[in-house]
Amino acid sequence: MATVPSYSPSIWVRMCHALPRFDLTMQMRDNVFTPDSWEYQQTLLVLSSLSAIALVLSLLVVLSFLIHYCCCHRGDAGRDAEEEEEDDDASGGHGYSGKKGRSICCVTWVSVAAVTLCCVAIGVGFYGNSEANDGMYQLTSSLLTANYTLASIDLLVWDSVAVLQRSVSGPLTSLEDVFGGNKPALVSTRSCRRLSERVISLLSSLSLGRGVSSVSPGALGANGTDSMVGVLTPAPPSVAPTLTPTSTSNSIPAPFSPGWAANTLMVNEDYRWLSYVLLLLLDLVICLFILLGLAKQARWLLILMTVLAWLALFLSWGSLGLETATVVALSDFCFDPNSFVLNSTHFNTGTSTEILDYYLTCSRKMTSPFQQLLTQSQRALSSIHSHLSGLDRDALPRFPKAEKSLREVQQILNVTEGNFHQLVALLNCRGLNKDYIDSLKGLCYDGMEGLLYLSLYSFLSALAFTAILCSLPGAWRSFSSDSEEYEDSDSESEDPFTSHQARRQTATGSQRGALPPFYSYQGAGWTPPFSSAPPLPTPNASSNGNPGYESLPLSDRPSPPPSYSPSMLTGYGGNQSHPNSAHSRNLYSH
C-alpha cells in the first residue's frame with residue numbers, strides 16, 4: 001500500500017475492508033477496489049442481498065403474528081364477552097387488571113417501545129445524513145480548489161506562450177529589420193527570437209493530462225489571450241471552475257476534470273440528502289400518528305399508519321442493502337486510494353505515472369518531473385533578458401527607431417517572467433497534494449462515518465417497523481369492541497363527562513332494580529321534594545309493625561321530622577285532621 005502523508009485509514013475503514021468477499025458462486029474473492037470488474041461487482045451484490053434475506057425474515061415474522069391474531073384468537077371472542085364484566089369489577093373501573101386489561105397493557109407498551117426505537121433510529125439517521133453531507137461538501141470543495149489550481153496553471157502557460165508568440169511575430173521582426181545593417185545587433189535579435197521559440201516549445205510541452213494543453217501555439221491568434229477565453233474559463237473555487245472544450249461533441253472532459261467531477265457530485269449529493277430527509281420525515285410522521293392512534297383508539301388511523309409502515313419497512317431494508325454495498329466499496333477505496341488512482345485508466349490517460357505519483361505522495365525525496373523543463377525555460381528567459389540589455393546599451397543609441405520595439409519586447413519579457421514565477425509556485429506538489437488529502441479526509445472520514453450511521457438507522461428502523469407491524473393488530477383487537485360500546489353508551493348517557501366504566505356500572509345497577517324511597521309520607525297533599533341524593537336503605541320492620549332502625553349504624557339513620565302537639569296541629573291546621581293520625585303519632589313517637 002502506497003503511503004499518503006497526513007492520511008491513514010480509520011478503524012472503520014479497516015474493519016469494513018477486512019470483511020470476507022464472496023461472488024455469486026460463493027467463491028472467495030479479494031478486496032481490491034476494482035469497480036469495473038464483474039467479479040468485484042458480484043461481491044457487492046452478495047453483500048447487498050443480505051438485507052433482502054433480512055426483509056424476507058421480517059415478512060415471515062409479521063405474517064406469523066398476523067396468523068396468530070387472526071386464527072388463534074377467533075374463538076376467544078365469546079369468552080372475552082363473558083369475562084368482560086368480571087374484569088371490569090376486578091380492575092376497579094380502570095380496565096387493566098383482567099386478562100383483557102393485561103393484553104391492552106402488553107400491546108400498548110410493545111407499540112410504545114417500538115415507536116421509541118424508531119425515534120432513536122430517526123435521530124441517528126439525521127446525524128448520519130449531516131455527517132455524510134459534510135464529507136461530500138469537503139470533497140467537492142477540495143476538488144474545486146484543485147481544479148482552480150490546474151486552471152490557473154493552464155492559463156499561465158497559455159498566456160506566456162501567447163505573449164511570446166506575439167513578440168516573435170511582432171516586435172522582434174521589426175528589430176531585425178531595423179538592425180539589418182548592424183551584425184552584432186542582428187545576431188542578438190535573432191538569438192532573442194530563437195530563445196523565445198525555445199521557451200514557447202518548452203511551455204507547450206507542459207501538460208498535466210487534462211486534455212487542454214494539446215492546443216499548439218499556432219492555434220492562438222495574434223492576440224493569443226483573446227483566443228484562449230473560449231478554451232479555458234478560470235474562476236474561484238466557489239464558482240465551480242470548469243474547462244470549456246473547443247469541441248462540443250464530448251460533454252464529459254477526457255480523461256478527467258476535477259471541476260466536472262465536483263459539479264456532478266454536488267448535484268447527486270443534493271438529491272441524496274433530500275431523499276434521506278424525506279425518508280426520515282416519513283418515519284417520524286408514522287411514529288407520531290401511531291402514538292396518536294393508540295391514545296385516541298382511532299382504528300382508521302392505525303390502519304392507515306399500518307399501510308405506511310409496510311412501505312417504510314421495505315424502504316428501510318432496501319436502503320440498508322444500498323448502504324452496505326456503498327460502505328464496503330468506499331472502505332476498499334479508502335484503504336489504498338493511491339493504487340486505484342495510479343492504476344485507473346480514467347485518471348492516468350495522458351498523464352504519466354511519475355507525475356501522478358509526485359502529486360499524490362509529495363515526498364521530499366522525489367524531484368519534480370517539471371524540474372528540467374522549468375530550469376531550461378528559466379535559463380532561456382535569463383538569456384533573452386541579457387541580450388535585450390545589451391541591445392539597450394549598445395545598439396539603441398545608434399538606432400533610435402528601435403526604441404519602441406525594444407521597449408515592447410522588454411515589457412513582454414517582464415510579463416512572461418512574472419507568469420513563470422507563479423507557474424513554478426503552482427507546479428509545486430504541496431498545493432495539489434493538500435487538496436488531495438483534504439478530499440480523502442472528507443470522503444473517508446466524515447463520509448464513511450455518515451454512511452455507517454445511516455446503515456445503523458436503516459437497521460434500527462427496520463426492526464422498529466417489524467415490531468410495530470406485529471403489535472398493531474393486537475391493538476385493533478384490544479379496543480375495537482370498547483369503541484363500539486362507548487358509542488352505544490354515549491348515545492344513552494345524558495352526562496358527557498361520565499366515564500365509560502361509570503356508565504357501565506350505572507347500567508348494571510339499574511338492571512338489578514332500584515331501592516324504594518326513604519320517605520313514604522302520606523300527609524295532606526304534601527310530597528317530599530325531588531332529591532338527587534342516592535336512595536337510602538329501607539328500615540326494617542319490627543315485630544309490632546313499627547319501623548326499627550336498631551340494626552342500622554347511627555350514621556345511616558335518617559333524622560326524624562319534628563313532633564307536633566295536638567294544639568299546634570289545631571292552631572295551624574284548623575279542624576283538619578290527618579286521616580291516619582294514629583299511624584303518624586305511632587310512627588314519630590318512637
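**Entry 1: Tyr359**

I looked up Tyr359 and found that this residue is buried, with a relative accessible area of 9%. Buried means under 20% relative accessible area, exposed means over 50%, and partly exposed is in between, with a 1.4 Å probe and protein chains only. The model is predicted, so local features need pLDDT of at least 70 and side-chain atom pairs count only at pLDDT 80 or more, while totals for chains, interfaces and linings use all residues. I number residues from 1 along each chain as its sequence is written, and side-chain values use heavy atoms, with hydrogens and water left out.

Tyr359 is found in helix H12. Helices (H or I, at least four residues) and strands (E, at least two) are DSSP runs, numbered from the N terminus. The C-alpha atoms of Tyr359 and Leu432 are separated by 6.5 Å, although the two are 73 residues apart along the chain.

**Entry 2: the whole protein**

I noted 18 helices and 6 strands in the protein. Of its 590 residues, 39% count as buried. I then took the contacts between residues at least 6 apart in sequence, and 75% of them join residues at least 24 apart. Contact means heavy atoms within 4.5 Å.

**Entry 3: the nonpolar cores**

Which residues touch the most other members of the largest nonpolar core? I found Val157, Tyr359, Leu388, Leu423 and Leu427, in a core of 43 residues. A nonpolar core is a set of buried Ala, Val, Leu, Ile, Met, Phe, Trp, Tyr and Cys residues joined through side-chain atoms within 4.5 Å. The elements that give two or more residues to this core are helix H4 (99-169), helix H5 (171-178), H6, helix H12 (353-361), H13, helix H14 (403-426) and helix H15 (429-492). H4 gives the most, with 9 residues. A second, separate core has 34 residues, including Phe333, Leu356, Ile437 and Cys444. As a general note, nonpolar side chains tend to be buried together in soluble globular proteins.

I also checked Leu388 by itself. Leaving out residues up to four places away in sequence, Leu388 touches Cys192, Leu406, Val409, Gln410 and Leu413.

**Entry 4: H6 and H13**

Two packed helices are described by the angle between their axes and the distance between the axes. Axes are lines fitted to C-alpha atoms, for helices over the stretch in contact, and angles run from 0 to 180 degrees between N-to-C directions. Helix H6 (residues 183-204) and helix H13 (residues 371-395) pack at an angle of about 160°, with their axes 9 Å apart. That makes H6 roughly antiparallel to H13. Angles under 35 degrees count as roughly parallel, over 145 as roughly antiparallel, 65 to 115 as roughly perpendicular and the rest as oblique.

H6 passes H13 in a left-handed crossing. A crossing is left-handed if the near helix is turned anticlockwise from the far one by less than a right angle, and right-handed if clockwise. I sorted the residues of this contact into 13 nonpolar, 8 polar and 1 charged. Ala, Val, Leu, Ile, Met, Phe, Trp, Tyr, Cys and Pro count as nonpolar, Asp, Glu, Lys and Arg as charged, and the others, Gly among them, as polar.

**Entry 5: H14 and its partners**

The axes of H13 and H14 come within 11 Å and cross at roughly 155°. That makes H13 roughly antiparallel to H14. H13 passes H14 in a left-handed crossing. By class, I found 10 nonpolar, 6 polar and 3 charged residues in the contact of H13 with H14.

H5 and H14 pack at an angle of about 145°, with their axes 9 Å apart. The crossing of H5 and H14 is left-handed. Pro171, Leu172, Ser174 and Leu175 of H5 make the contact with Ser405, Leu406, Glu408, Val409 and Ile412 of H14. These residues divide into 6 nonpolar, 2 polar and 1 charged.

**Entry 6: two positive phi values**

Phi of Met26 is near 60°, a positive value in a residue other than glycine. Met26 is in the loop between strand S1 (21-22) and strand S2 (28-29). Phi of Cys362 is near 50°, and Cys362 is likewise not glycine. The place of Cys362 is in the loop between H12 and H13. Is each one buried or exposed? Met26 is exposed, with a relative accessible area of 52%, whereas Cys362 counts as buried at 17% relative accessibility.

**Entry 7: Glu449**

Glu449 lies in helix H15 and counts as partly exposed at 27% relative accessibility. Glu449 touches Tyr127 and Glu131, not counting residues up to four places away in sequence.
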